[in-house]
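The structure is shown first, and the description follows.

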Amino acid sequence: MENLLLFFAVLLITSILLSKISDKFGIPSLIIFLGVGMLAGSDGLLGVNFDDQAIAQNVGMLALIFILYAGGLDTDFAAIKPIFGRGLALATLGVFLTALAIAPVAKYLLDFTWAEAFLLGSIISSTDAAAVFAILRAKKISLRNSIVPLLELESGSNDPMAIFLTMTIIQMISLNSTPSVSEWAITLVKQFGIGIAMGYLFGVALPAIFNRLRLKSWGLYPVFSIAWILLLYTLCFKIGGNGYLAVYIAGIFINKKEFSHKKNLVGFHDGIAWTCK
């Protein structure tokens with residue numbers, strides 16, 4: 001256990017120090033972190049062998065929850081309101097069209113079946129929320145015509161669509177069956193409808209709860225927030241909604257209201273999201 005803790009401590013400190021290079025030269029920090037991971041991996045200098053798919057999936061799921069939540073907390077509702085329709089179209093239809101465009105290339109260049117080709121397209125169809133948030137905010141990029149909030153909204157809300165497509169294709173391949181268009185559409189509307197509704201309810205409720213609780217220690221607010229967002233994701237998943245979309249929407253509406261120790265809470269979740277990246 002001591003060796004494992006030493007490894008993670010050194011890895012985190014190294015990543016934080018390397019982030020200074022990212023800020024100075026404009027290199028996305030994710031590229032640097034990928035390089036560090038490759039050096040630490042089974043074929044790298046440290047030779048750490050990691051091939052547990054279940055742990056990787058669970059850790060990735062948890063990390064994505066907090067990355068999307070922090071992205072929502074950093075999103076200005078007033079800025080995205082005018083472009084909400086365009087952002088939603090890019091995050092849904094845009095992701096679907098991207099997957100469709102990639103599928104023929106994968107089929108004919110990589111000799112995949114159509115199902116495998118569309119699976120690959122679905123996996124890589126969404127922009128990376130962590131990369132977009134980090135680049136836009138670290139470099140303070142100024143773009144015209146509300147492009148920045150549009151990119152933030154699209155990158156923060158497109159993962160649910162990509163995950164939905166990926167899971168659908170995996171089920172098709174596993175069960176060797178193709179759902180009808182109506183079944184597919186009903187499932188999509190159900191997942192997104194429940195996700196948006198629950199995200200809104202939990203997002204509106206949390207500031208009101210904080211303002212009523214008036215906790216004496218500010219350190220309890222982040223703890224409550226972590227439990228609240230995990231509760232949201234789990235309940236949304238249990239009733240058939242898209243939990244990833246729910247946590248992002250919740251973050252947006254939590255940021256819309258003022259409440260005790262809001263600045264500290266947002267900063268805490270920014271740190272958690274950075275670690276998860």
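In helix 8 (residues 147-157), the buried residues are Val 148, Pro 149, Leu 150, Glu 152, Leu 153, Glu 154, Ser 155, Gly 156 and Ser 157. Because nine of its eleven residues are buried, helix 8 is largely enclosed by the rest of the structure. Buried denotes under 20% relative accessible area, exposed over 50%, and partly exposed the range in between (1.4 Å probe, protein chains only). Helices are DSSP runs of H or I with at least four residues, and are numbered from the N terminus.

The model is predicted: local features need pLDDT of at least 70, side-chain atom pairs count only at pLDDT 80 or more, and totals for chains, interfaces and linings use all residues. Residues are numbered from 1 along each chain as its sequence is written, and side-chain values use heavy atoms, with hydrogens and water left out.

Eleven aromatic pairs occur in the structure. Rings of Phe, Tyr and Trp (its six-membered ring) pair if their centres lie within 6.5 Å; planes under 30 degrees apart are stacked, over 60 edge-to-face, and the rest tilted. Two of the pairs are tabulated here.

| Pair | Centre to centre | Angle between planes | Class |
|---|---|---|---|
| Phe 77 and Phe 253 | 5.3 Å | 45 degrees | tilted |
| Phe 210 and Tyr 221 | 4.9 Å | 75 degrees | edge-to-face |

The pair of Phe 77, in helix 4 (residues 77-80), and Phe 253, in helix 12 (residues 243-256), links distant parts of the chain, 176 residues apart. Phe 253 is buried, with a relative accessible area of 15%. Phe 210 belongs to helix 10 (residues 181-213) and Tyr 221 to helix 11 (residues 220-238), so their pair ties together parts eleven residues apart in sequence. Phe 210 is buried at 0% relative accessibility, and Tyr 221 is buried at 2%. Phe 210 and Tyr 221 also belong to one aromatic cluster with Phe 202, Phe 224, Trp 228 and Phe 259.

The axes of helix 5 (residues 84-110) and helix 6 (residues 114-123) come within 7 Å and cross at roughly 130 degrees. Axes are lines fitted to C-alpha atoms, for helices over the stretch in contact, and angles run from 0 to 180 degrees between N-to-C directions. Helix 5 and helix 6 are therefore oblique to each other; angles under 35 degrees count as roughly parallel, over 145 as roughly antiparallel, 65 to 115 as roughly perpendicular and the rest as oblique.

Methods. Helices (H or I, at least four residues) and strands (E, at least two) are DSSP runs, numbered from the N terminus.
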